[in-house]
Amino acid sequence: MNGFGRAWRSVIRKPVKSILLLLVVFIISLFLLSGMASKSASVATQDNTRQALGAGLLLEGNESNRHTRIDSITERIGEGKEGTLDGVHVKKLDSVYGVQWQVWTDNSFETLLVDDIETIASVSGIADYNITTAVMAVNPVNFSRIEDDDVDQSSDVQGVSLIGNRDMEMDSNVLSGNLVIKEGRIIKRDDIDVCVISEELAAQNSLKIGDKLKFNDYHDRENSTVYEAEIVGIYKVNQKMTPYMSGDTYRSENMIFTDLRFPEKAEGNENDPLFAKAYFKVKDVDQYDSVKEAVKQVDIDWERYDLIDNKGNLDTMSSNFNDLENISQILIWVIAGASFVILFLVFVFWLKNRVQEVGILLSLGVSKIGILGQILLEALMIAILAITLSFTVAPSVSHVTANYLVTQQIEQAEEKKELDSDKVAFDFVESKQEVTGVNVDITPQMLILDGVGVIALISLSILTAGTGILRKNPKDILSEMS
């Protein structure tokens, strides 16, 4: 009888042993698949403070991917080295606390890519689009800002805020109906060096339509270039706009809207824009869902972006949610390590209870390698069935696992926020995201990796457990039969 025949008879002759291994391999395969699926899961969140108002889609940068890119670039610069690469700067500082490393980024690294924005704008069903800059603090040269006399301004940059738009009509404050033009007009896409100011700022400085405001870089108020913007409109708001940061620089009355390219000049970074978000207006509201799906299929690096729909639902296209990828990777290694130990103990138990069988096979002239090969064949017969069964339930279990990991991260973040709440005080409303779903896909590549990984673990476990047989000579093994 050949080895395959002996292996098959051994499997069906000892059903309890076979079922035990089946369950062990089934659970191992399932856990490994869950870990791999969680690693590449995408997380859908809802953020009511970042809605793409109306029939439109909002594009913003993905914070997790931002940190990943910074880490990757600093590694390319080199550990313990100063340098600049792709908009990331690393500098060594000597302080009283010893050597410290400063890492910062410039606009070229942070900005949304115009080519990607225009590619999305070309999708059928997109009627028009707007680009909005980040909120930029600048120095007011020929006018005074609104200040709270009862607040200490020593930690504030003593400036005002500029927000540039390609087409101000599609700015979120205008779309929501909160900002309306009291005098003059709104900024249009062909305007250059123009601005719209608040009615409070106009009243304090006796400003009118046609007057020109001057700005420059607040880092160098005396020597930096001064830029002028003509006032084309004066706005009022129903509710004060949420400040970008604390301090009177960012208060609602000191928000000044400009054409798209003016803020970078006043900030001291001409020809180096910082585009923070893009809004895409959907032509037909009845086709909203199909247009959104078409946009998501556009061939750009989605890892860089978050796509937000008109309800605040955010599809995190990045494969990583906070530290989900890292946690899942650790989980995979823990599962692999624990699986090896469990399988090793299972096969040690097998061999201990098969000393007589091993002795008989040796007396019949079967080699020790042949005996281990038979045990491996038995294990593989059972493993193939267990792995196949795990594939059928993996999607649901992987979804539960990913949801659990995301929930744990959210709880940890909330706990950390509570611990830090007494250390940092804000006078603005912080963006609050709510997870609305975790999308998990089991790909063919995952199934192949899972199968190969489980078989490798079984083979290694049998080889390790069988070292006792390989080391002993046949005489010693036969003597144990007595």
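Which side chains meet in a salt bridge at 3.0 Å, N to O? The side chains of Glu-253 and Arg-251 do so, where a salt bridge is a side-chain nitrogen of Lys or Arg within 4 Å of a carboxyl oxygen of Asp or Glu. Both Glu-253 and Arg-251 are buried, a term that stands for under 20% relative accessible area, with exposed meaning over 50% and partly exposed lying in between (1.4 Å probe, protein chains only).

The model is a predicted one, in which local features need pLDDT of at least 70 and side-chain atom pairs count only at pLDDT 80 or more, whereas totals for chains, interfaces and linings use all residues. Residues are numbered from 1 along each chain as its sequence is written, and side-chain values use heavy atoms, with hydrogens and water left out.

The pLDDT, which is the predictor's confidence in each residue from 0 to 100, averages 82 over the chain, and 77% of the residues score at least 70. Confidence is lowest in strand β1 (residues 42-47), with a mean of 51, and highest in strand β10 (residues 194-198), at 98; strands (E, at least two residues) and helices (H or I, at least four) are DSSP runs, numbered from the N terminus.

A search of the whole structure finds 19 salt bridges. In one of them Arg-166 pairs with Asp-128, the closest N and O atoms being 3.5 Å apart; because Arg-166 lies in the loop between β8 (160-165) and α6 (172-175) and Asp-128 in strand β6 (residues 126-133), this pair ties together parts that are 38 residues apart in sequence. Arg-166 counts as buried at 17% relative accessibility, while Asp-128, at 22%, counts as partly exposed. Asp-167 in turn forms a salt bridge with Arg-189, with 3.2 Å between the closest N and O atoms, and so links the loop between β8 and α6 to the loop between β9 (179-184) and β10, 22 residues apart. Asp-167 is buried at 10% relative accessibility, and Arg-189 is partly exposed at 36%. Salt bridges that share partners join Asp-128, Arg-166, Asp-167 and Arg-189 into one network.

Burial can also be followed along a helix. In α9 (residues 288-296), Tyr-288, Val-291, Lys-292 and Val-295 are buried, and, seen down the helix axis, the buried residues of α9 fall within an arc of 100°, so they line one face; the arc is that of the directions from the helix axis to the C-beta atoms.
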